[in-house]
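Have a look at the sequence and the model first.

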Amino acid sequence: QVQLVESGGGLVQAGGSLRLSCAASGSIFSINTMGWYRQAPGNERELVASITSGRPTNYADSVKGRFTISRDNVKNTVYLQMNSLKPEDTAVYYCNIQGHDSTSYSLFRSWGQGTQVTVSS
């Protein structure tokens, strides 16, 4: 099994910054795509950013130029640097990791527990 542990959420004023982290552990053979999603009350979960080995990073239009996704393949960790935060960025942020496990080499997709980000105006 693969476990994800998120950290870094919190309360920040508009214009401020936060950095989210998500560390994966367990039976991991390889990780293909790492991403961040968010879900605000009453809304569906949406993709914020994703990073896949050998491909350009992908961002939602609403966060382009403000958020940066990065990964540390040694630590199996994905980060989301969020700058110039706006009240509309308020949501629960979830990390998502897709790869192959080390026991059966089957494809897995795991979600983090979610971390609250609140941006006050």
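Helices (H or I, at least four residues) and strands (E, at least two) are DSSP runs, numbered from the N terminus. By that rule, you'll find 0 helices and 11 strands here. Keep in mind that this is a predicted model, where local features need pLDDT of at least 70, side-chain atom pairs count only at pLDDT 80 or more, and totals for chains, interfaces and linings use all residues. Residues are numbered from 1 along each chain as its sequence is written, and side-chain values use heavy atoms, with hydrogens and water left out.

How is it packed? The radius of gyration (taken over C-alpha atoms) is 14 Å, which agrees with the value near 14 Å for a compact globule of 121 residues, because the globule rule is 2.2 Å times the number of residues to the power 0.38. The C-alpha atoms fill a box of roughly 50 × 25 × 25 Å along the principal axes. Buried residues (under 20% relative accessible area, 1.4 Å probe, protein chains only) make up 45% of the 121 residues.

Now for the strand pairs, where pairing needs at least two bridges found by DSSP:

| Pair | Sense | Bridges |
|---|---|---|
| β4 (residues 28-39) and β9 (residues 91-101) | antiparallel | 10 bridges |
| β4 and β5 (residues 46-52) | antiparallel | 6 bridges |

Zooming in, M34 stands opposite I97 in β9, while G35 has S50 in β5 as its bridge partner. β4 and β5 form a hairpin with 6 residues between them, and G42 in the turn has a positive phi of about 80 degrees.

Technical notes
Buried < 20%, exposed > 50% of the residue type's maximum accessible area, 1.4 Å probe, protein only.
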